[in-house]
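Subject: Handover of the model

Hello,

Please find the structure below. My notes on it follow.

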Amino acid sequence: MSERDQELRESAAEEIKKHKERVESDPYRLSFHHMPPVGLLNDPNGLVQWNGTYHLFYQWMPFDTGHGAKFWGHYTSKDLMNWNHEKPALTPSDWFDKNGVYSGSAIVHNDLLYLFYTGNVKDENGNRETYQCMAVSEDGVNFEKKGVVVELPEGYTAHFRDPKVWKQGEHWYMVIGAQSEDLQGKAALLRSDNLYDWKHLGDITGSGENELGSFGYMWECPDVFRLEDQDILLVSPQGLESDGMDFANTYQSGYFAGKLNYDQGEFKHGDFRELDRGFEFYAPQTTLDEKGRRILVGWMGVPDQYEQSHPTIEHQWIHCLTMPRELTWNGSQIIQSPLEEMKEMRGPVLMHSSITIENDQKAVRGIEGRPVELNIEFDRLDDQFAIELFQYASISYKDEVLTLSRPHLEDKTKTEFRRVPLQQGLKQLHLFIDHSTLEIFVNGGEEVFSSRIYPQPEEERILFTSLGTSTFSVEQWKLGGYKWNDE
């Protein structure tokens, strides 16, 4: 461990200790979501399972609630319910990452855990340099940096980052989010036989390619994997203009499905589809676990989207990750489902069947509070139906459009909305509500909304409204949350 690395670790530990009471007194701290111990959290990194242990790393700025020279924070778990907060895996301590150990991924090879990440470097004039770097661990906790394995290829700006590595056949592949010299977002592909020496194969797709037209000036956090008979490219493009109900956030996250030709480095794919319709969702990453499940975790935040207006900043922390989700393919799209393990948080079930509301707003006995899980099945919906959560957020359905609304985080006199059309109608809503998060799985996970919510801490009411006649059933479980163990 270098002297600079030791200094950064000691400073981060002091920061946690200094603000511990302030952070933990926040009523918006969460029960079943990963948060920073202090400061800012953003992208999930290095999601992997190794020898029965899940490793979940994250971008972490311990010294501020703004962005800066990031660390890699680190959580581990055997069962996705009991979590250990490990010491930081990586710090920005070397010449090739001194301005940030930026996002990346993890793989297991020869019973070692390898991390790949982007080293961010800026000179005294703010000019950016970018390096793809590697670190290796024998125990999953202590990591030795191996330095730079990929320098910037020709044809790109220094916005070249977020390596995701996987093995296909006899070769290792790396996909990197990139910006071409003509300022178009790209997904660059590289190949290696030994994880140290990488050959640039070109762009598999990007803005201006594959009949996409103009599609963003930078593509961040790419991820390539297979679901059933489909190759999937997850990506977070920056620079898409809002289009009706689509692309409503500052930056987007979604996927292309198609066929990746590894020999020619070409990805033939269909249209881009957003993964999540909520206010806060970005930079998702996946892994294949030992049960054969494709698991996704996303950042419940969006860069440059009124981040400093989140009230948790008053308690010296900001942002969290989504619940882990299982991805499946239904023949035409990705389906997102809560992991089976989430059921272990449940208390006793409270069930109400065949509730009918006609031109009225009602509470349903016992349906209230947080953290809570609600499953609502609809038998009849006439005109308009809505659920009001804690006098803060509202989920409403009318004319085959589902809408989530909340007070605008910057201007509380305004209401902001996120919407999605449901051509097959609304059949089911599955809600997971933490102290300051809301995740809504619609119609079995065909659509998802992930958002932060900040109602008054003591407000527990959940109200149901129907214009016309609505008949539905509801199940509720109070949720116990994760068990947290600090280092």
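Strand E9 (residues 156–168) is largely enclosed by the rest of the structure, because 10 of its 13 residues are buried. Buried means under 20% relative accessible area, exposed over 50%, and partly exposed in between (1.4 Å probe, protein chains only). Strands (E, at least two residues) and helices (H or I, at least four) are DSSP runs, numbered from the N terminus. E9 pairs with strand E10 (residues 171–180) in the antiparallel sense, over 8 bridges. Two strands count as paired if DSSP finds at least two bridges between them. Lys167 stands opposite Trp172 in E10. The hairpin of E9 and E10 has 2 residues between the strands, and Gly169 takes a positive phi near 65 degrees there.

A note on the source. This is a predicted model: local features need pLDDT of at least 70, side-chain atom pairs count only at pLDDT 80 or more, and totals for chains, interfaces and linings use all residues. Residues are numbered from 1 along each chain as its sequence is written, and side-chain values use heavy atoms, with hydrogens and water left out.

Next, the sheets.

E5-E6-E7-E8 is the order of 4 strands in an open, antiparallel sheet. Its edge strands, E5 (101–109) and E8 (144–150), each pair on one side only. Neighbouring strands here are turned by 30 degrees against each other on average, direction ignored. Those angles use axes, which are lines fitted to C-alpha atoms (for helices over the stretch in contact), and run from 0 to 180 degrees between N-to-C directions. Strands E6 (residues 112–122) and E7 (residues 128–137) run antiparallel and are joined by 10 bridges. Val121 has Glu129 in E7 as its bridge partner.

Another open sheet has 4 strands in the order E18-E19-E21-E22, again with antiparallel pairing. E18 and E22 (334–338) are at the edges with a single partner strand each, so one side of each has no neighbour in the sheet. E21 and E22 pair over 5 bridges. Thr328 has Ile335 in E22 as its bridge partner.

Leaving out residues up to four places away in sequence, Leu327 touches Phe225, Leu227, Thr286, Arg294, Leu296, Ile334, Ile335 and Gln336. Contact means heavy atoms within 4.5 Å.

Now the cores.

The largest nonpolar core has 40 residues. Such a core is a set of buried Ala, Val, Leu, Ile, Met, Phe, Trp, Tyr and Cys residues joined through side-chain atoms within 4.5 Å. Phe32, Leu56, Met342, Met345, Phe432 and Tyr482 have the most contacts inside it. Elements giving two or more residues include helix H1 (3–24), strand E2 (53–61) and strand E3 (71–77). E2 gives the largest share, 4 residues. Apart from this core lies another, of 38 residues, including Ile355 and Phe378.

Last, helix H1. Its 22 residues should span 32 Å at 1.5 Å a residue, and its end C-alpha atoms are 31 Å apart, which agrees. The expected span is 1.5 Å times one less than the number of residues. H1 has a kink of about 45 degrees, centred on Lys18. The bend at a residue is the angle between axes fitted to the seven residues ending there and the seven starting there. Buried residues of H1 include Asp5, Leu8 and Arg9. The buried residues of H1 pack against E2, E3 and strand E20 (317–318).

Best wishes
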